[in-house]
There are 2 protein chains.
Amino acid sequence: MNKINISEKFSLFSEYWSPKIVGELNDQHVKLAKFKGEFVWHKHDNEDELFMVIKGVLKMEFRDKTEIVNENEFIIVPKGVEHKPVADEEVWVLLFEPKETLNTGNTIGIFTKEKLDKI
Amino acid sequence: MNKINISEKFSLFSEYWSPKIVGELNDQHVKLAKFKGEFVWHKHDNEDELFMVIKGVLKMEFRDKTEIVNENEFIIVPKGVEHKPVADEEVWVLLFEPKETLNTGNTIGIFTKEKLDKI
C-alpha cells in the first residue's frame, strides 16, 4: 500500500525490451519497459495487453495498419492479434497484462524474457 | 485496437465520483474518474484496485495512515483493505480493476454507481 512513482522506477534501469514488474493486482502485472528499435512480430493466444506511453512515441504495427501512440495515450491489443512494437526513438511504456504473459508471445527468440525482475 | 487519448476522454465529462469505462482487457476495466471532496470509507472483498493520478493530488486514507499520490504515481489498494479517497482540489484518476468492482465496495449509499458509462 505504498505509492509507486513511475519516473523514479524508470530511472532504475536502462535496458531496452526488458519489462520490469512494478505492481501486481488481480493476477495482473503492472510493468515498465523502455523500447528502442523494432521488436518482433508476435501474438498472445490468451492475454490482452495494454500499452500506455509515458514518454516518447510508440508505433504499434498491426498486419493491416499502424497506430501511433503518444504520451498520455494507451492502446489495448486483444489476444490473438499479431503486433510489433516499434520505437524510432526511446519510448517509455507502462504495460498492464496477466502475470503469465510472455513478452514475445508465440515468437520465442532473442527478445524473450522468461523471468522478469521486480523493481 | 484504436489508441485512447486520456486527456481527450477526461474532457468528455465533469461529474465527480462517477467513473467512466475507457478500456476493457482480461476481465478488467480501465476507468477514468474525477474526484473532489471526500469519498466514503469502504473496502472491496474480492478486488484489488489501482489508482493512477493523471492530474492533481490524491490523498488515499487508510485506517492507519494516509498516502499522498501525486501526478505520475499510482497506488494499489489490496482487496479487504478499508480506504477513503480524498481530493482537496479536483483530481483526475485512472483506475484498473476487475469489471465487477463496485465503486463504493461494501458501503452502499449515495455515491454508489451501479451502472457505469463507457465513453
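This is a predicted model: local features need pLDDT of at least 70, side-chain atom pairs count only at pLDDT 80 or more; totals for chains, interfaces and linings use all residues.

Trainee: Why is V91(B) called buried?

Mentor: The term requires a relative accessible area under 20%. V91(B) has a relative accessible area of 0%, and therefore counts as buried. This residue is found in strand β8 (residues 83-98) of chain B. Leaving aside neighbours within four places in sequence, V91(B) is in contact with A33(B), K34(B), F35(B), V53(B), K55(B), G56(B), V57(B) and L58(B).

Trainee: Why is T104(A) called buried, and what makes the link between the side chains of T104(A) and T112(A) a polar contact?

Mentor: The relative accessible area of T104(A) is 0%, so the residue is buried. A polar contact needs a pair of N or O atoms within 3.5 Å, one able to donate a hydrogen and the other to accept it. The side chains of T104(A) and T112(A) make such a contact at 2.8 Å. T104(A) has its place in the segment after β8 of chain A. Beyond four places in sequence, its contacts are F39(A), V40(A), H42(A), H44(A), F111(A) and T112(A).

Trainee: What makes E38(A) and K84(A) a salt bridge?

Mentor: The rule asks for a side-chain nitrogen of Lys or Arg within 4 Å of a carboxyl oxygen of Asp or Glu. The closest N and O atoms of E38(A) and K84(A) are 2.7 Å apart, and the pair forms a salt bridge. E38(A) belongs to strand β3 of chain A and K84(A) to strand β8 of chain A, 46 residues apart, and the pair thus links distant parts of the chain.

Trainee: Are the two partners buried or exposed, or in between?

Mentor: E38(A) has 48% relative accessibility and so counts as partly exposed. K84(A), at 11%, counts as buried.

Trainee: What makes D88(B) and K59(B) a salt bridge?

Mentor: Their closest N and O atoms are 3.3 Å apart, and the two residues form a salt bridge. D88(B) lies in strand β8 of chain B and K59(B) in strand β5 (residues 58-62) of chain B, so this pair ties together parts that are 29 residues apart in sequence. Exposed means over 50% relative accessible area; D88(B), with 55%, is therefore exposed. K59(B), at 24% relative accessibility, counts as partly exposed.

Trainee: How do you know that K84(B) and E61(B) form a salt bridge?

Mentor: The distance between their closest N and O atoms is 3.8 Å, and the limit is 4 Å. K84(B) lies in strand β8 of chain B and E61(B) in strand β5 of chain B, so the pair ties together parts that are 23 residues apart in sequence. At 10% relative accessibility, K84(B) counts as buried. E61(B) has 19%, and so also counts as buried, the cut-off being under 20%.

Trainee: What makes β7(A) and β1(B) a pair of strands?

Mentor: Strand β7(A) and strand β1 (residues 4-5) of chain B share two bridges, in the antiparallel sense, and at least two are needed. The bridge partner of E73(A) in β1(B) is N5(B).

Trainee: How many residues of chain A and chain B are in contact, and what is the area buried between them?

Mentor: In chain A, 38 residues are in contact with 38 residues of chain B. The buried area is about 3,200 Å², of which carbon and sulfur atoms give 59%. M1(A), K3(A) and F74(A) lose the most area in chain A, together 25% of what that side buries.

Trainee: Which salt bridge is formed by K3(A)?

Mentor: K3(A) forms a salt bridge with E73(B), their closest N and O atoms being 3.1 Å apart.

Methods: Residues are numbered from 1 along each chain as its sequence is written. Chains are lettered from A and ligands numbered from 1 in the order in which they are written. Side-chain values use heavy atoms; hydrogens and water are left out. Contact means heavy atoms within 4.5 Å. Buried area is the accessible area (1.4 Å probe) that two parts lose on being put together, summed over both. Helices (H or I, at least four residues) and strands (E, at least two) are DSSP runs, numbered from the N terminus. Buried means under 20% relative accessible area, exposed over 50%, partly exposed in between (1.4 Å probe, protein chains only).
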